[in-house]
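The sequence and coordinates come before the comments.

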Amino acid sequence: MAVDPRYAPLFSPLRIGPVEAPNRFYQVPHCSGMGHALPATLAAMRGMKAAGGWGVVCTEYCSIHPSSDDQPYPFASNWDDGDATNLAAIADAIHAHGALAGIELWHGGSYVANLASRLPTLGVRSIPAHGDPVQSQRMDRADIRRLRAWHRAAALRARAAGFDVVYVYPTHGYLVAEFLSRALNDRTDEYGGSLVNRARLFTELLQDTKEAVGDRCAVAVRFSVNGHGEEHLDAAEAHDLIGTLGDQPDLWDFVIDDYEEEMGSSRFVKESALEARVRAARALTRRPIVSVGRFTSPDTMLRLVREGTLDLIGAARPSIADPFLPAKIREGRLEDLRECIGCNVCYAHNSRGAALRCTQNPTIGEEWRRGWHPERVTPGRGTALIVGAGPAGLEAAQVLGKRGFEVTLAEAGDTAGGRVARESRLPGLAEWARVRDYRLGQIARMGNVQICYESPIGAAELQEFDADWVLIATGARWRRDGIGRHHSSPIPDLAGMVLTPDDVMDGYVPAGRVLVFDDDHYYMGPTVALALARRGEPVAYLTTAGRAGEWSEYTAEQARTQRALIEAGVEILTSQVVAGFDGARARLACVYTGRERTLPTDALVLVTSREPVDGLWREVSRDADDDSGRILRIGDCRQPSIIAAAVYAGHQAARELGETASLALRDRVLIA
Ligand code: ADP
Ligand code: SF4
């Protein structure tokens with residue numbers, strides 16, 4: 001199909017050293033939670049990006065040696081020929097669609113703990129590991145020689161496996177960045193002291209890699225344009241280094257020092273946040289530049305390429321949310337773009353050591369295991385009634401619509417979106433409405449899907465409707481009794497103004513001193529506290545955890561969450577529980593000692609857990625043995641969870657209706 005002329009500059013090929021990218025869409029290295037553990041899942045996932053038009057598709061960071069072992073995260077590895085066989089499967093899957101395959105060679109240095117390999121970790125000096133009571137071994141000259149040999153061997157294996165772009169990675173605090181650091185590098189030899197000396201290991205690795213594979217592979221450098229923080233490598237030094245190396249790499253992949261900003265969630269960071277800093281470094285090199293910015297707007301992409309800020313549009317999350325984003329832009333199908341909402345649930349799963357999943361794209365990670373394609377479904381026939389137009393119901397409706405079913409989506413309220421419509425009104429969550437808007441946009445163009453608003457469905461209506469299939473997607477509501485992680489039974493003394501997040505989202509604004517009790521530990525407690533802080537009256541946030549929104553550590557939001565509360569003047573109380581409330585005072589107890597005190601409070605908001613709205617299901621299912629009959633329940637009414645899980649449940653149910661589902665339980669192990 002011809003390229004939409006508006007976006008033609010995004011589809012011109014670009015030479016990168018000895019190779020040529022077919023277009024300007026570049027999937028930068030991003031973690032997958034698959035790595036060495038799920039090779040077939042990983043190869044299929046990367047291959048799907050190439051099928052969707054990404055011109056370059058890279059691996060996540062790929063360890064070059066067992067002395068860089070990131071257990072319990074399933075990182076990629078390139079330690080031996082067995083790994084190379086798995087890596088070749090990735091490169092093949094990418095090449096099958098005409099894209100270039102990139103690999104990010106990586107040594108974690110002191111950051112890792114080598115929990116699996118049990119080898120000593122290596123550092124520029126002895127430095128504590130991230131998260132484990134382990135310190136690295138100070139590297140001597142022989143270690144540096146060995147490291148260079150490992151890196152070179154890994155580059156050669158990468159070339160043999162078919163990769164076209166090979167990275168040197170002196171950033172994000174890993175081994176080579178340790179050497180660059182003024183604060184960490186206390187060496188007195190030629191690898192310490194001046195910037196030239198501290199950069200020696202980096203420049204040697206760059207040279208080694210070019211000599212080893214530069215004839216056939218582009219050598220890329222992922223580097224922070226604003227340095228690594230004042231005490232380590234300041235912005236002026238970073239510019240110095242980029243300027244000095246200038247055209248030596250075939251490609252610069254520019255990032256920034258603050259990972260929480262670089263891959264910031266939409267709560268705190270908006271599209272194209274790195275732009276000014278990348279532009280400031282642009283003149284330092286003539287080589288192609290790629291950088292990220294959670295780009296989902298084709299016009300932003302076009303502007304950045306036209307004005308010369310970027311040569312390649314880098315993306316991790318937008319390529320997860322929509323592997324076919326480039327193809328859709330090429331064809332001018334902008335209404336079909338499935339935009340990333342910036343929730344970082346993808347990253348959270350890697351952080352938990354699990355394969356990534358996505359709120360917007362339920363098929364990610366299921367390309368191999370379930371054989372799901374993000375854009376294709378199997379045709380089917382029949383009538384379906386879906387009850388509830390939240391994320392689960394909307395996703396089910398659009399998938400069944402694409403399959404050719406006659407679908408009626410009945411919603412009790414006067415708008416669609418369920419929880420995303422409500423939550424997107426909270427501070428920072430506006431982009432979450434994209435979950436609703438993408439699906440409504442798809443449904444609007446289908447003649448076979450009808451949405452009926454203000455249509456509460458009871459058992460009688462359901463029977464009367466007589467559809468072939470019924471999907472109940474009636475959601476969940478926040479509990480008003482305090483049951484959650486801490487309290488297994490209702491809080492006994494609750495009187496006065498007791499609210500839930502649903503009340504706040506419905507627009508109820510309490511007066512006076514508010515206490516938000518967060519036993520949920522994710523975004524809802526802090527976000528409700530921030531919303532209430534806007535009243536200009538005192539808000540206290542109390543959590544049973546040790547930090548505000550503790551789980552959002554996995555989405556790289558915890559520090560910013562805590563900072564936002566502090567800056568909004570919210571008092572933060574940790575490791576405490578609400579034991580009672582009499583309408584004027586909350587009784588608080590220490591989670592360790594049980595010691596109690598009181599806090600003057602006019603209104604209490606309970607963010608503890610949610611109760612499935614499953615009355616309809618229980619009435620009509622007649623206690624079915626399983627969920628595989630004509631009537632199914634999906635999403636939060638079955639299992640309250642994150643939005644991604646509701647979308648997934650809707651997708652799975654709709655895809656498998658009337659079909660025999662396939663599920664491969666284990667990856668093929670490709671290692672010979
Ligand atoms: P999920 O995340 O599982 O999609 P949500 O709570 O976001 O669940 O959405 C559930 C939707 O179902 C809400 O929009 C709600 O108004 C609607 N709903 C709940 N009960 C009924 C019912 N009996 N009939 C029609 N719609 C309902
Ligand atoms: Fe974007 Fe969220 Fe999907 Fe990650 S999980 S790609 S942040 S929508």
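This is a predicted model: local features need pLDDT of at least 70, side-chain atom pairs count only at pLDDT 80 or more; totals for chains, interfaces and linings use all residues.

1. Residues are numbered from 1 along each chain as its sequence is written, chains are lettered from A and ligands numbered from 1 in the order in which they are written, and side-chain values use heavy atoms, with hydrogens and water left out.

2. Ligand 2 has 13 residues around it, and Cys-340, Cys-343, Asn-344, Cys-346 and Cys-358 come nearest (a residue is near if one of its heavy atoms lies within 4 Å). Helices (H or I, at least four residues) and strands (E, at least two) are DSSP runs numbered from the N terminus. Helix 11 makes the largest contribution to the shell around ligand 2, three residues. By class the shell has eight nonpolar, three polar and two charged residues; Ala, Val, Leu, Ile, Met, Phe, Trp, Tyr, Cys and Pro count as nonpolar, Asp, Glu, Lys and Arg as charged, and the others, Gly among them, as polar.

3. The number of disulfides (pairs of cysteine sulfur atoms within 2.5 Å) is zero. Cys-217 is in no disulfide, and the nearest cysteine sulfur, that of Cys-58, is 12 Å away. Cys-217 is buried at a relative accessible area of 0%, while Cys-590 is partly exposed at 23%. Buried means under 20% relative accessible area, exposed over 50%, and partly exposed in between (1.4 Å probe, protein chains only).

4. There are seven cavities of 30 Å³ or more. On a 1 Å grid over the protein atoms alone, a cavity is a set of points where a 1.4 Å probe fits but cannot get out, a pocket is an open set with protein on both sides within 12 Å along at least five of seven lines, and lining residues have an atom within 4 Å of a point. Grid points are joined across faces, edges and corners, and a volume is the space filled by probe spheres set on the points.

5. The largest cavity holds about 130 Å³. Its lining has 17 residues, with Arg-338, Pro-374, Gln-398, Lys-402 and His-651 nearest the centre. Helix 14 (391-403), helix 16 (434-444) and helix 22 (643-656) each give at least two residues to this lining, and helix 14 has the largest share, four. The lining divides into five nonpolar, five polar and seven charged residues.

6. Helix 14 is largely enclosed by the rest of the structure, because twelve of its 13 residues are buried. Gly-404 follows helix 14 with a positive phi, near 105 degrees. Helix 22 is also largely enclosed, since 13 of its 14 residues are buried. Just after helix 22, Gly-658 has a positive phi of about 75 degrees.

7. The second largest pocket has a volume of about 650 Å³. It is lined by 40 residues, and Glu-411, Gly-418, Arg-419, Thr-474 and Gly-475 lie nearest its centre. Helix 15 (419-423) supplies the largest share of this lining, four residues. Helix 14 is among the elements that supply at least two.
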